[in-house]
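Biologist: Can you walk me through this one? Start with the overall fold, then the details.

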Amino acid sequence: MSSLPPRAGRHCHNPLNSLHATVYFSPDFTKELAGLGVEDRSAAYFAGRAAAMGAVGPGVVAATFYNFRHDLIARHLPAVWRTASPEAVLAARLRAVDSTLRRLLGEEAIASDEMAEAARLALRAAEGCTRHARPLYAAHADLPVPEEPHLAYWHATTLLREHRGDGHLTALLDLELDPLEALVSHTATGKGMARKWVMATRGWEQSDWDAAAERLRERGLLDGEGELTEAGVALRADLEDRTDRLDLAPYELLGAQGVARLTELAKGFLVAAALAGGFPADLVGKG
């Protein structure tokens, strides 16, 4: 039985994950990867997130990222590694993290005691993560922890994000949601990535989306208007609850007081980043 308040780990993870994601929307990331010769945005994303695993091919990325179309990944991998090595990509990504957080949060926040505290707490939570059956987490766990607190904090958010994400894929498989069904059902909640962003970034065609929606309708999870049915709402809730259980250890290790404090700090940094334009305005929703 958990000693934490209900969904405390999820509530902590959400702002951690969101701040982590700012780097992939950042012009600094695009600039750094372009400086290595990787100018295509999809290639840059695949390389930037996968580099910790080495010079992997499209199959590994399709498996670990889950909801991207294999054909899109195969256009860029493994070819991207002939342009930039995984080591060079990781160094470029960290430079992008540095410039992005300085721009979004400001130098005062970067040098603050609160940032150092957040880094300590997030790294402590990450000590509760486990490598087995969690390939993206395990690959990042083998990377060195940066010395500067804001970079250490981002590194810790990466560990916690990928640890939860790897477990989330286990839950998706158990509930029999394939990659696009997972996206369609998440978008239908109104809290997931908007459909136009899915189509623009994941490589799927409208016919793929329509087919996935039809499969969900056949299971009674989606209605004729594309909204979740009662059964669909229940399945998505079950999915998140299963993910919570698989991701409990880091937050149990940190303890209720530590989780509450890390959540408070993480929310503060996230609000500042959002107000500074860290995310596209139309990223989330059903459109």
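Modeller: Here is a tour, from the whole chain down to single residues. Keep in mind that this is a predicted model.

Biologist: How many helices and how many strands does the chain have?

Modeller: It has 16 helices and zero strands.

Biologist: What radius of gyration does the chain have, against a compact globule?

Modeller: The chain has 19 Å. A compact globule with 287 residues would have a value near 19 Å, so the two agree. Along its principal axes, the C-alpha trace spans about 55 × 50 × 35 Å.

Biologist: What share of the residues is buried?

Modeller: Buried residues make up 51% of the 287. The chain exposes about 13000 Å², and carbon and sulfur atoms supply 54% of that.

Biologist: And of the contacts between residues at least 6 apart, what share joins residues at least 24 apart?

Modeller: That share is 76%.

Biologist: Let's zoom in on α14. What is its span?

Modeller: Helix α14 covers residues 206-218, which is 13 residues. From first C-alpha to last it reaches 18 Å, close to the 18 Å expected at 1.5 Å a residue.

Biologist: Which residues of α14 are buried?

Modeller: Asp208, Trp209, Ala212, Ala213 and Leu216. Seen down the axis of α14, the buried residues fall within an arc of 135°, so they line one face of the helix.

Biologist: Why does that kind of spacing put residues on one side?

Modeller: An α-helix has 3.6 residues a turn, so residues three or four places apart point the same way.

Biologist: What covers the buried residues of α14? And what is exposed on the other side?

Modeller: The cover includes α12 (179-188) and α13 (195-201). On the other side of α14, Ser207 and Glu218 are exposed.

Biologist: What happens just after α14?

Modeller: Gly220 takes a positive phi there, about 80°.

Biologist: New topic: α11. Is Leu160 buried or exposed?

Modeller: Leu160 lies in helix α11, residues 149-174. Leu160 is buried, with a relative accessible area of 1%.

Biologist: What does Leu160 touch?

Modeller: Leaving out residues up to four places away in sequence, Leu160 touches His13, Leu16, Ala122, Ala125, Ala126, Cys129, Pro250 and Tyr251. The C-alpha atoms of Leu160 and Asp247 are separated by 8.8 Å, and these two residues are 87 apart along the chain.

Biologist: Where does His150 sit? Buried or exposed?

Modeller: His150 is also in α11. It is buried, with a relative accessible area of 1%.

Biologist: Which side chain makes a polar contact with the one of His150?

Modeller: The side chain of Asp98, at 2.7 Å. Among the other residues that His150 touches are Leu101, Arg102, Ile110 and Met115.

Biologist: Now the backbone. Which peptide bond is cis?

Modeller: The one from Leu77 to Pro78, with omega near 5°. Pro78 is found in the loop between α5 (70-76) and α6 (80-83).

Biologist: What about the phi of Arg7?

Modeller: Arg7 has a positive phi of about 60°, although it is not a glycine. Arg7 lies in the segment before α1 (8-25). It is partly exposed, at 42% relative accessible area.

Biologist: And Glu176? Where is it, and what is its phi?

Modeller: Glu176 is in the loop between α11 and α12. Its phi is positive, about 60°, and it is not a glycine. Glu176 is exposed, with a relative accessible area of 60%.

Terms used
Residues are numbered from 1 along each chain as its sequence is written. This is a predicted model: local features need pLDDT of at least 70, side-chain atom pairs count only at pLDDT 80 or more; totals for chains, interfaces and linings use all residues. Side-chain values use heavy atoms; hydrogens and water are left out. Helices (H or I, at least four residues) and strands (E, at least two) are DSSP runs, numbered from the N terminus. The expected span of a helix is 1.5 Å times one less than its number of residues. Buried means under 20% relative accessible area, exposed over 50%, partly exposed in between (1.4 Å probe, protein chains only). The arc is that of the directions from the helix axis to the C-beta atoms. Contact means heavy atoms within 4.5 Å. The radius of gyration is taken over C-alpha atoms; the globule rule is 2.2 Å times the number of residues to the power 0.38. Accessible areas come from the Shrake-Rupley method with a 1.4 Å probe; for residues, only the protein chains shown count as cover. A polar contact is a pair of N or O atoms within 3.5 Å; within protein, one must be able to donate a hydrogen and the other to accept it, and residues adjacent in sequence count only if both atoms are side-chain atoms.
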